[in-house]
Amino acid sequence: MDYNVFLLNIQDKINQEDFFNLKLKFEQLQNKKEALSNLVFLRLQDPIKPLIMSMICGFLSLGWLAIDRFMIKDYALGILRIILSLFPCVLFLILGISYENDSNLDISEIFFGLFGIFLLLGIIWWGVDLFLVYKKIKKQNYNKIIEF
């Protein structure tokens, strides 16, 4: 197998600039066939799968689950996204409903407003993560190849 065929097979799994860097590194290698025979068995992630899964979850209003972050094994940001997206929304929604019956206080409107703000921030975070996760997978794939 020629290294150009290998590079064409992984072209969609790494960034374009990393693709050219990798091509230059392959051209400088002495044992191309040996390195290539080992690289063929390297498992690279497909960047489209977490993107599609995140879009499906987002359209089902489950974007706060951070499925895409867990698919790329970024557990810290996944848990942080769940906590910061879900907890404030539920808290302010419950507080808004509980103070809604109290006619002397207009504090329920403040809580409903805060609920809306945190809901909007969670939606924005989900949208930004669509692009960040896609790029991070490509960078992880490139780093796997370079480390190998």
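Colleague: Are helix 6 and helix 7 roughly parallel or roughly antiparallel to each other?

Modeller: Good place to start! Keep in mind that we are looking at a predicted model. In general, two packed helices are described by the angle between their axes and the distance between the axes. Here, helix 6 and helix 7 pack at an angle of about 160°, and their axes are 8 Å apart. An angle over 145 degrees counts as roughly antiparallel, so helix 6 and helix 7 are roughly antiparallel to each other. The crossing of helix 6 past helix 7 is left-handed.

Colleague: How many residues does helix 6 have, and how far does it reach?

Modeller: Helix 6 covers residues 75–100, which is 26 residues. From its first C-alpha to its last it reaches 37 Å, close to the 38 Å expected at 1.5 Å a residue.

Colleague: Which residues of helix 6 are buried, and what do they pack against?

Modeller: The buried residues of helix 6 are Gly78, Arg81, Ser85, Pro88, Cys89, Phe92 and Gly96. They pack against helix 5 (67–71) and helix 7 (107–147).

Colleague: Let me try another pair. How do helix 2 and helix 7 cross?

Modeller: Their axes come within 11 Å and cross at roughly 10°. Angles under 35 degrees count as roughly parallel, so helix 2 is roughly parallel to helix 7. On the helix 2 side, the contact is made by Asp18, Asn21, Leu22 and Lys25. On the helix 7 side, Lys139, Tyr142, Ile145 and Ile146 take part.

Colleague: Now for the rings. How many aromatic pairs are there?

Modeller: A pair of aromatic rings is described by the distance of the centres and the angle of the planes. Counting rings whose centres lie within 6.5 Å, the model has five aromatic pairs. One of them joins Phe59 and Trp126, with 6.4 Å centre to centre and 70° between the planes, which makes it edge-to-face. This pair links distant parts of the chain, since Phe59 is in helix 4 (residues 48–59) and Trp126 is in helix 7, 67 residues apart.

Colleague: What does Phe70 touch?

Modeller: Phe70 is in helix 5, and at 27% relative accessibility it counts as partly exposed. Not counting residues up to four places away in sequence, Phe70 touches Leu65, Tyr75, Gly78, Ile79 and Ile82. Phe70 and Pro50 are 20 residues apart along the chain, and their C-alpha atoms are separated by 9.0 Å.

Colleague: Last topic: backbone angles. Which phi does Ala66 have?

Modeller: Most residues other than glycine have a negative phi. Ala66 is not a glycine, yet it has a positive phi of about 55°. You will find Ala66 in the loop between helix 4 and helix 5, and it is buried, with a relative accessible area of 0%.

Colleague: And what about Lys73?

Modeller: Lys73 also is not a glycine and has a positive phi, of about 65°. Lys73 is in the loop between helix 5 and helix 6, and it is exposed, with a relative accessible area of 58%.

Conventions
Residues are numbered from 1 along each chain as its sequence is written. This is a predicted model: local features need pLDDT of at least 70, side-chain atom pairs count only at pLDDT 80 or more; totals for chains, interfaces and linings use all residues. Side-chain values use heavy atoms; hydrogens and water are left out. Helices (H or I, at least four residues) and strands (E, at least two) are DSSP runs, numbered from the N terminus. The expected span of a helix is 1.5 Å times one less than its number of residues. Buried means under 20% relative accessible area, exposed over 50%, partly exposed in between (1.4 Å probe, protein chains only). Contact means heavy atoms within 4.5 Å. Rings of Phe, Tyr and Trp (its six-membered ring) pair if their centres lie within 6.5 Å; planes under 30 degrees apart count as stacked, over 60 as edge-to-face and the rest as tilted. Axes are lines fitted to C-alpha atoms, for helices over the stretch in contact, and angles run from 0 to 180 degrees between N-to-C directions. Angles under 35 degrees count as roughly parallel, over 145 as roughly antiparallel, 65 to 115 as roughly perpendicular and the rest as oblique. A crossing is left-handed if the near helix is turned anticlockwise from the far one by less than a right angle, and right-handed if clockwise.
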